[in-house]
Amino acid sequence: MAENLEILMKENFAYLKDVLGLKHVSAKNAVQTLEKLQSVVAGCVRCRLSQTRTQTVFGSGNPKARIMFVGEGPGDQEDKQGLPFVGRSGQLLTKMIEAMGLKREDVYILNVVKCRPPNNRRPEKDEVASCEGYLFSQIELVNPEVMVALGATAMETLLKNGEKIGNIRGKVLTYRNRKLIVTYHPAYLLRNPPAKKFVWDDLKVVMGELSQKPPKL
């Protein structure tokens with residue numbers, strides 16, 4: 001399965017390089033390439049979600065961030081503002097990031113799909129497949145040291161392992177030679193506040209992988 005994922009990522013990245021008119025992508029032109037990719041995504045019509053969106057939601061933050069947060073998909077406020085995690089879930093994510101001693105502009109935040117699913121439903125498999133190339137390319141271009149998968153959709157898209165979050169959350173996993181920690185989505189925490197303590201434990205693992213001492217709460 002890991003080999004198939006490797007092939008899938010390379011095929012999508014090669015496709016996007018062709019779309020962007022690039023012969024070579026390196027660390028030197030990664031930020032510029034990310035900006036060009038964003039303009040391509042803005043006009044994407046690869047799946048049905050493009051028919052109901054207000055605008056695409058590409059990603060935001062430090063394009064050279066050490067930490068990347070991967071969510072599921074845009075909600076109502078994200079669709080209106082064109083930015084990821086700016087609604088109630090986003091406000092909670094911001095507090096989580098600040099609890100780590102960081103600011104939103106220190107990290108990179110994005111979603112698996114770039115258009116809002118109707119009624120905030122979970123994106124369907126073909127919709128995720130249509131966006132995977134964009135996601136994988138963003139990961140390669142930002143090149144974070146540690147990734148945090150927020151929720152089941154992000155976990156399944158990255159790992160393709162059929163696991164449940166409860167079985168692997170907080171463990172240090174690997175995604176293309178990067179550290180990956182899975183935890184609950186902020187939207188889940190809004191419905192289940194007691195789970196916040198588990199997420200904080202997971203975020204302390206993230207900080208440990210970056211040799212960053214957790215602040216006292």
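Visitor: What should I know before I look?
Guide: This is a predicted model, where local features need pLDDT of at least 70, side-chain atom pairs count only at pLDDT 80 or more, and totals for chains, interfaces and linings use all residues. Residues are numbered from 1 along each chain as its sequence is written, and side-chain values use heavy atoms, with hydrogens and water left out.

Visitor: How many salt bridges does the count come to?
Guide: The count is 14 salt bridges. A salt bridge here is a side-chain nitrogen of Lys or Arg within 4 Å of a carboxyl oxygen of Asp or Glu.

Visitor: Which residue forms a salt bridge with R176?
Guide: E140 does, with the closest N and O atoms 2.9 Å apart. E140 lies in helix α5 and R176 in the loop between β5 (173–175) and β6 (178–183), so the pair ties together parts 36 residues apart in sequence. Helices (H or I, at least four residues) and strands (E, at least two) are DSSP runs, numbered from the N terminus.

Visitor: And what does R178 meet in a salt bridge?
Guide: The side chain of E140, at 3.3 Å, N to O. R178 sits in strand β6 and E140 in helix α5, so this pair links parts 38 residues apart in sequence.

Visitor: Is R178 buried or partly exposed?
Guide: R178 is buried, at 7% relative accessible area. R176 is partly exposed, at 28%. Buried means under 20% relative accessible area, exposed over 50%, and partly exposed in between (1.4 Å probe, protein chains only).
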